[in-house]
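Biologist: I would like to learn how to read a model like this one. Can we take it feature by feature?

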Amino acid sequence: MKKHFTGRFLAWVMALCLLVGAYGVAGASQAQVSDFDALSPLMDLVAAAAFSAGDDPESVGNAETTLTPMFIAAFFNCGLTADASLEITADMLQSTDQQAVLLGKLFTAKLPALEPIAQTTPISGYIGFQPVTVNAGSENDVQIIGEVYWGTKPASQMTDAEYKEVEWLDRAVYSFAAAADGYHGYKLAGFSVGSELNMEEAMQNYTEGILVEYINTTLGFSILYPSVFSDEMLIEDGDGVSARLEDESLRFFVNRVENAGAANLADYTNVIAQGIPGAKATLNETFSYATIAYDTQEGYTVFDMYIITDKYIYQAELSYKQELARTYQLYTAYMENSFAVDELSVG
């Protein structure tokens, strides 16, 4: 059976499409992510600062809150290598007056007592933000929702090959308040990652436009798949389910077969990976699954996920045309985080 996802998956994926407060589904249809490309450098920098400020990502509040010294220090240090449009210089680390002017332009939150900032070693790689949707609120305020990623450079500068190596860190939502003296007409009025977001059951209909949950109680597994596959595209048999778009640009299947050879996860996936040129295998011992990613001569990128028990071998696969990586690569993360089998379930 298939159904639009609810229950235990809702808390994980809902954050991706969260609409709160004055923001609604109608507003989402009235604005495009590309309309706010000018805000990308600030969103990237806020994400980098939030994830490098401490052990857990920092949140940024509205005008009723105060920025933390840890976030501010990380913001200016990360800002030294950020986009030039943000105009952050090394002199600002020692000048609290310059810090105050810039922070007042970028954030609605209050400032603590500012102090000189010690320069730190730059973070490895690049932490940025990939917008997924934008929701227009009242008085030109906006909310932008998407995914924080780690890569070698900004996503806009990546080649298709580099983009495939992106690591998705967490869901995030940014709230911007219109301000004439702000950065491209806006000030940041809120930032939170997925673990900090409030889930709203009322938004379920919206999120159903992105993912669908497939549950097979007979075979004992469940998974999320892209809702671009209509019900008519699903083909079920005794082993599982499969689907493909009419133009063959995207394909998906998940199935279960007998573990007749008493295979174990590491050896089984290693043998498969060694037989595929350029395959990249990853073993997640904590959650007892493995993934294999590779490109085919026919021009597809393939992402396989395996879960192996004493009785069965479970496999899920998403494959898409290589030139569509920026559209579909993110769905591999959804699949990886949702594929579950009853044999390994606890609680």
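Modeller: Start with confidence, since this is a predicted model. The mean pLDDT of the protein chain is 85. Of its residues, 85% reach 70 or more.

Biologist: Where is the pLDDT below 50?

Modeller: One such stretch is residues 2-30. Beyond near neighbours in sequence, residues 2-30 have 94 contacts in the model. Over residues 195-206 the pLDDT is also below 50. That stretch has 28 contacts beyond near neighbours in sequence.

Biologist: Now the helices. Why is helix 4 described as largely enclosed by the rest of the structure?

Modeller: Count buried residues, meaning those under 20% relative accessible area. Helix 4 spans residues 69-79, and eight of its eleven residues are buried, so the rest of the structure largely encloses it. The buried set is F71, I72, A74, F75, F76, N77, C78 and G79.

Biologist: What covers the buried residues of helix 4?

Modeller: The cover includes helix 3 (40-52) and helix 5 (96-106).

Biologist: How do I describe a packed helix pair?

Modeller: Two packed helices are described by the angle between their axes and the distance between the axes. Here, helix 4 and helix 5 pack at about 95°, with axes 12 Å apart. Helix 4 is therefore roughly perpendicular to helix 5.

Biologist: Which residues make that contact?

Modeller: Helix 4 contributes I72, F75 and F76. Helix 5 contributes Q99, L102, L103 and L106. By class, the contact of helix 4 with helix 5 has six nonpolar residues, one polar and no charged.

Biologist: On to sheets. How do strands pair in general?

Modeller: Strands of a sheet pair through backbone hydrogen bonds, either parallel or antiparallel. Take the open sheet of four strands: its order is 2-3-4-5, and the pairing is antiparallel. The edges are strand 2 (126-136) and strand 5 (186-193), each pairing on one side only. Neighbouring strands of this sheet are turned by 30° against each other on average, direction ignored.

Biologist: How many bridges link strand 4 and strand 5?

Modeller: Eight, in the antiparallel sense. Strand 4 covers residues 167-183. Y183 has Y186 of strand 5 as its bridge partner.

Biologist: Which helices touch these strands?

Modeller: Helix 3 packs on the sheet and touches strand 2, strand 3 (142-151), strand 4 and strand 5. Its direction makes about 125° with that of strand 2. Helix 5 lies across strand 4 and strand 5, at about 80° to strand 5.

Biologist: What is the strand order in the open sheet of seven strands?

Modeller: Read it as 8-9-10-14-13-12-11, with antiparallel pairing. Strand 8 (235-236) and strand 11 (280-284) are the edges. Two bridges join strand 8 to strand 9 (residues 240-244). There, E236 stands opposite V241.

Biologist: Which strands does helix 9 lie across?

Modeller: Helix 9 (residues 325-338) lies across strand 10 (250-258), strand 12 (289-295), strand 13 (300-308) and strand 14 (312-321). Helix 9 runs at about 165° to strand 14.

Note on methods: Residues are numbered from 1 along each chain as its sequence is written. This is a predicted model: local features need pLDDT of at least 70, side-chain atom pairs count only at pLDDT 80 or more; totals for chains, interfaces and linings use all residues. Side-chain values use heavy atoms; hydrogens and water are left out. Buried means under 20% relative accessible area, exposed over 50%, partly exposed in between (1.4 Å probe, protein chains only). Contact means heavy atoms within 4.5 Å. Axes are lines fitted to C-alpha atoms, for helices over the stretch in contact, and angles run from 0 to 180 degrees between N-to-C directions. Angles under 35 degrees count as roughly parallel, over 145 as roughly antiparallel, 65 to 115 as roughly perpendicular and the rest as oblique. Ala, Val, Leu, Ile, Met, Phe, Trp, Tyr, Cys and Pro count as nonpolar, Asp, Glu, Lys and Arg as charged, and the others, Gly among them, as polar. pLDDT is the predictor's confidence in each residue, from 0 to 100. Two strands pair if DSSP finds at least two bridges between them.
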